[in-house]
Amino acid sequence: MVAPADASVIIYKGLANLPAFNPDVESQDLPQTVKELRKQVGNADGLLISSPEYAHGVPGSLKNALDWLVGGFEFIDKPVALLNPSPHSLFAHPQLMETVRVMSGKLIEDACLTLPIAGKKLDATGIANDLTLGPPLARAMQTFCNAIKQTYSDNRSGKAR
Ligand SMILES: Cc1cc2nc3c(=O)[nH]c(=O)nc-3n(C[C@H](O)[C@H](O)[C@H](O)COP(=O)(O)O)c2cc1C
């Protein structure tokens, strides 16, 4: 709704179905849900991650999914933007930034933002139509899409990162 018209946004809905990360199964046959996660991440031009903060940290389910991606190639150099839905959440956002960086994702800092969305009980339309939320979100999405296009055009012309 706030994404540029030429972008399609696919919501990953599999977090709750992933098993707890276990590096011992990396070398064996991966669970189907993990293969599907890696496929979806591999197919995406960029990843937009928006997460609540629980107990001053990244929710375990999200960190679990990121841990499953560490052993694959799909996350490497992938453009990533982070949307922090609460200015009160001071811990999870920088933790996620660090995790994305150490996993060799390409953090697009200009497209990362913090907005007071949490607790407002707004649906997607309500957020898009809110004058304090919709316009900055749309700008961040445009910045993210521009950065993605730039990344892939640099890759084609042989410029690294
Ligand atoms: C168990 C629990 C722990 C939470 N811990 C934090 C926290 O440490 N920091 C924070 O900013 N918000 C915390 N929150 C608030 C959530 O991040 C979120 O803003 C709130 O649940 C509203 O979400 P909603 O807009 O989806 O209803 C916590 C919420 C719950 C239920």
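The lining of the largest pocket divides into 33 nonpolar, 9 polar and 5 charged residues. Here Ala, Val, Leu, Ile, Met, Phe, Trp, Tyr, Cys and Pro count as nonpolar, Asp, Glu, Lys and Arg as charged, and the others, Gly among them, as polar. This is a predicted model: local features need pLDDT of at least 70, side-chain atom pairs count only at pLDDT 80 or more, and totals for chains, interfaces and linings use all residues. Residues are numbered from 1 along each chain as its sequence is written, and side-chain values use heavy atoms, with hydrogens and water left out.

**The largest pocket**
- A pocket is an open set of points on a 1 Å grid over the protein atoms alone, with protein on both sides within 12 Å along at least five of seven lines.
- The largest pocket holds about 1700 Å³ of space.
- A volume is the space filled by probe spheres set on the points, which are joined across faces, edges and corners.
- Its lining has 47 residues, and Val 9, Ile 10, Ile 11, Leu 48 and Ile 49 lie nearest the centre.
- Lining residues have an atom within 4 Å of a point.
- H1, strand E1 (47-50), H2, strand E2 (79-84), H4 and helix H5 (134-156) each give two or more residues to this lining.
- Helices (H or I, at least four residues) and strands (E, at least two) are DSSP runs, numbered from the N terminus.
- H5 gives the largest share, 6 residues.

**The largest cavity**
- A cavity is a set of points where a 1.4 Å probe fits but cannot get out.
- The count is 1 cavity of 30 Å³ or more.
- The largest cavity has a volume of about 50 Å³.
- Its lining includes Ile 49, Glu 53, Leu 83 and His 93.
- Helix H3 (92-102) supplies the largest share of that lining, 3 residues.
- By class, the lining has 5 nonpolar, 4 polar and 1 charged residues.

**Helices H1 and H2**
- H1 (residues 32-43) and H2 (residues 60-70) pack at about 80 degrees, with axes 10 Å apart.
- Axes are lines fitted to C-alpha atoms, for helices over the stretch in contact, and angles run from 0 to 180 degrees between N-to-C directions.
- The two helices are therefore roughly perpendicular (65 to 115 degrees).
- Val 34, Leu 37, Arg 38 and Val 41 of H1 make the contact (heavy atoms within 4.5 Å) with Ala 65, Trp 68 and Leu 69 of H2.

**Ala 124**
- Ala 124 is found in helix H4 (residues 124-129).
- Its relative accessibility is 48%, so Ala 124 counts as partly exposed (between 20% and 50%, with a 1.4 Å probe and protein chains only).

Notes:
Parallel < 35°, antiparallel > 145°, perpendicular 65-115°, else oblique.
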